[in-house]
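Subject: Structure for you to look at

Hello,

I am passing on the structure we spoke about. My notes follow it; please read them with the model open.

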Amino acid sequence: MKISVIMPVLDEEKSLPLVMKDIPRDLVEEVVVIDNGSSDGSAIVARENGATVLSEPRKGYGYACLRGIEYLKSKSPDIVVFLDADYSDYPEEISSLVRPIIEEGYDMVIGSRVKGKSEKGAILPQARYGNMLGTFLIRIFYGFRYTDLGPFRAIRFDKLIDMDMQDKTFGWTVEMQIKGIKKGCRITEVPVSYRKRSIGKSKVTGTIRGTIGASWKILWTIFKYTSRKFYNL
Ligand SMILES: Nc1nc2c(ncn2[C@@H]2O[C@H](COP(=O)(O)OP(=O)(O)OP(=O)(O)O)[C@@H](O)[C@H]2O)c(=O)[nH]1
Ligand SMILES: [Mg+2]
């Protein structure tokens, strides 16, 4: 099976080489880095380390992912893995993320940091509570038990295209999880490990602005899709 990685990047020149080094290249055909207007050398470093580098000037995690998907339409991979560039996730665990798709016929596999081993302090309290609330609301509204809304995940490319993803920022992960349920995808979670960000600058849950912005967007996304469900929109 042809596997591609989509990696949105904003100013991660220091962590990128480590992430690239740990991606199992015997499994992954192409690593697509979407440089989202970095002011450091992220694009150069990514290219030097063997990634295909695209540029997306419109700022936002979702914008970057959408750009990656557009690019991959001409490549038609079987599976796409989403991975952060800050070296918090363990890229070598891509193999356990894709296994349920390859061997058991699943469509989408969410890497759960809650089920896996996290370094102490790696998942900040605000991220932990945000995850709990988000997954609780999804369980109430859709009856599916996720344990995490983390970014590290694998999905069959045809299912991803069928989802017609829309979110431009940090509602991205939750939109994918809700649409996976709505579209009748076969979904599972696998435990993934998580380490504390020790390189580069935090942009989301490590900052007040990022936390408020991401929390608001996640809740808004859940309520948007849920109200559509009730009103059959
Ligand atoms: N494309 C894009 N990527 C972003 C943006 N903000 C953050 N990222 C990337 O999204 C990933 C997650 O951001 P982080 O800053 O690690 O946020 P976090 O994981 O909540 O917090 P940490 O505890 O610092 O790891 C990283 O790979 C960032 O480079 C953005 O505006 N656009
Ligand atoms: Mg991070």
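A residue is called buried here if 20 or more other C-beta atoms lie within 10 Å of its own, exposed if 12 or fewer, and partly exposed in between. Please keep in mind that this is a predicted model.

Helix H7

By that cut-off, eight of the eleven residues of helix H7 (residues 172-182) are buried, so the helix is largely enclosed by the rest of the structure. The buried positions are Trp-172, Thr-173, Val-174, Glu-175, Met-176, Gln-177, Ile-178 and Gly-180. What do the buried residues of H7 pack against? Their partners are H3, strand E5 (108-112), helix H5 (125-142), helix H6 (157-163), strand E7 (187-191) and helix H8 (208-230). Just after H7 comes Gly-184, with a positive phi of about 75°.

Strand E1 is mostly covered, with seven of its seven residues buried. In a regular strand the side chains alternate between the two faces of the sheet.

E1 (residues 3-9) runs parallel to E2 and is joined to it by seven bridges. Across this pairing, Ser-4 stands opposite Glu-30 and Ile-6 stands opposite Val-32. E1 also pairs with strand E4 (residues 79-82), again in the parallel sense, over four bridges. There the bridge partner of Ile-3 is Ile-79.

Strand E2 and the crossovers

Which strand does E2 pair with through four bridges? It is E3 (residues 52-55), and the two run parallel. In this pair Ile-34 faces Leu-54 of E3. From E2 the chain crosses through helix H2 (residues 42-48) to E3, in a right-handed β-α-β crossover. A right-handed β-α-β unit is also made by E1, helix H1 (residues 16-22) and E2. As for burial, six of the eight residues of E2 (residues 28-35) are buried, so this strand is largely enclosed by the rest of the structure.

The nonpolar core

The largest nonpolar core has 62 residues, and Met-7 and Val-81 have the most contacts inside it. Leaving aside neighbours within four places in sequence, Val-81 is in contact with Ile-3, Val-5, Ile-94, Leu-97, Val-98 and Ala-154.

Ligand 1

There are 20 residues around ligand 1, and those that come nearest are Asn-36, Ala-64, Ser-202, Val-204 and Thr-205. E1 and helix H3 (61-72) are the elements that give two or more residues to this shell. By class, the shell holds eight nonpolar, six polar and six charged residues.

Loops

Most residues other than glycine have a negative phi. Two aspartates are worth a look on that account. Asp-11, which is not a glycine, has a positive phi of about 50°. The residue sits in the loop between E1 and H1. Is Asp-11 buried, exposed or partly exposed? Asp-11 counts as partly exposed, because it has 19 C-beta neighbours inside 10 Å.

Asp-164 likewise has a positive phi of about 50° without being a glycine. Its place is in the loop between H6 and H7. With 8 C-beta neighbours inside 10 Å, Asp-164 counts as exposed.

The loop between H2 and E3 contains Gly-50. Gly-50 is partly exposed, because 13 other C-beta atoms lie within 10 Å. Not counting residues up to four places away in sequence, Gly-50 touches Met-20 and Val-31. Gly-50 and Ile-34 are 16 residues apart along the chain, and their C-alpha atoms are separated by 13 Å.

Regards

How values were computed:
Residues are numbered from 1 along each chain as its sequence is written. Chains are lettered from A and ligands numbered from 1 in the order in which they are written. This is a predicted model: local features need pLDDT of at least 70, side-chain atom pairs count only at pLDDT 80 or more; totals for chains, interfaces and linings use all residues. Two strands pair if DSSP finds at least two bridges between them. A crossover is right-handed if, with the strands pointing away from the viewer, the path from the first strand over the helix to the second runs clockwise. A residue is near a molecule or strand if its C-beta atom, placed from the backbone, lies within 6 Å of it. Ala, Val, Leu, Ile, Met, Phe, Trp, Tyr, Cys and Pro count as nonpolar, Asp, Glu, Lys and Arg as charged, and the others, Gly among them, as polar. A nonpolar core is a set of buried Ala, Val, Leu, Ile, Met, Phe, Trp, Tyr and Cys residues joined through C-beta atoms within 7 Å. Two residues are in contact if their C-beta atoms, placed from the backbone, lie within 7 Å.
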